[in-house]
Amino acid sequence: MSIATYSISLLVLSTLSVSLCQAGCPYTFKLHGDYCYRIFSKVRASWFEAKTYCNVAGGDLATIESKEEELYIESELRKEHGNVSAGTPENYWLDGSDILTEGEWRWMSEEGESRLITGYTRWAPGQPDNAGTQEHCLEIRYTFGVLWNDYQCQVQQNFICKSSNGFETGIIG
Ligand SMILES: [Ca+2]
Ligand SMILES: [Ca+2]
């Protein structure tokens with residue numbers, strides 16, 4: 001094998017291993033567009049616990065930043081629960097919170113990297129209402145029509161994790 005051929009082979013191999021390495025979702029996450037999602041409907045957790053679960057699983061609590069993304073998640077939730085009746089008590093934590101400044105909703109992301117929720121939102125009518133001055137975490141609330149609501153962070157309920165589609169699988173590369 002000539003040096004040139006050998007070099008090209010190495011280049012192809014390294015390119016291949018990099019692409020394999022980057023084209024993955026964390027285990028059990030489902031790919032949609034540029035992101036991977038995992039809906040947890042059988043583990044009940046406070047908002048803080050849910051965030052930790054997501055971090056351990058390989059992502060973070062989910063942000064929802066477009067109508068398309070919201071409709072995808074809603075369709076996945078309906079697969080879990082069928083069509084929603086008014087009394088279905090299934091609610092899901094998202095990454096939003098106003099714990100830093102009351103009334104200022106932010107995607108909390110990783111430590112110190114929170115950012116203001118601008119653009120797309122899908123609050124239920126009359127929400128966020130900070131009921132009892134104790135609601136600081138963002139959920140999708142079934143009884144409010146699968147729309148956004150602020151709720152008490154310590155309540156244990158379902159949650160949705162999300163990760164970018166570039167998770168290092170560690171299998172190759
Ligand atoms: Ca609040
Ligand atoms: Ca509320």
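**Group meeting: strand E9 and its surroundings**

Okay, let's start with E3 and E9: the two strands run antiparallel and are joined by two bridges.

Quick housekeeping. This is a predicted model, where local features need pLDDT of at least 70, side-chain atom pairs count only at pLDDT 80 or more, and totals for chains, interfaces and linings use all residues. Residues are numbered from 1 along each chain as its sequence is written, while chains are lettered from A and ligands numbered from 1 in the order in which they are written.

The mean for the protein is 86, with 79% of residues reaching 70 or more. Residues 10-22 fall below 50, and that stretch has ten contacts in the model beyond near neighbours in sequence. By contact I mean two residues whose C-beta atoms, placed from the backbone, lie within 7 Å. Where pLDDT is low, the predicted coordinates should not be read in detail.

The overall layout, then. We have three helices and nine strands, in the order α-β-β-α-β-α-β-β-β-β-β-β along the sequence. Take the contacts between residues at least 6 apart in sequence: 64% of them join residues at least 24 apart. Of the 173 residues, 29% count as buried. Buried means 20 or more other C-beta atoms within 10 Å of a residue's own, exposed means 12 or fewer, and partly exposed is in between, with C-beta atoms placed from the backbone.

Back to E9. Seven of its eight residues are buried, so the rest of the structure largely encloses this strand. Who are its partners? E2 pairs with E9 in the antiparallel sense over seven bridges, and E4 pairs with E9 in the parallel sense over two. Cysteine 161 in E9 is the bridge partner of arginine 38, and leucine 61 also stands opposite cysteine 161. Elsewhere in E9, phenylalanine 159 stands opposite tryptophan 93.

What about aspartate 34? It lies in the loop between strand E1 (30-32) and E2. Aspartate 34 is exposed, with 9 other C-beta atoms within 10 Å. Leaving out residues up to four places away in sequence, aspartate 34 touches Ser164 and Asn165. Aspartate 34 and asparagine 165 are 131 residues apart in sequence, yet 5.4 Å apart in space, C-alpha to C-alpha.

On to the helices. In H2, residues 47-57, the buried residues are Trp47, Ala50, Lys51 and Cys54. Looking down the axis of H2, these fall within an arc of 100 degrees, so they line one face of the helix; that arc is taken from the directions from the helix axis to the C-beta atoms. Thr52 and Val56, on the other side of H2, are exposed. The cover over the buried residues of H2 includes E2 (35-45), E3 (60-61), E4 (91-97), E7 (137-141) and E9 (157-164). After H2 comes glycine 58, with a positive phi near 115 degrees.

Last one: H3, residues 67-81. Its 15 residues reach 21 Å from first C-alpha to last, close to the 21 Å expected at 1.5 Å a residue, where the expected span is 1.5 Å times one less than the number of residues. Just after H3, glycine 82 takes a positive phi of about 70 degrees.

Notes. Helix = DSSP H or I, 4+ residues; strand = E, 2+ residues; numbered from the N terminus. pLDDT = per-residue confidence, 0-100. Pairing = 2+ DSSP bridges.
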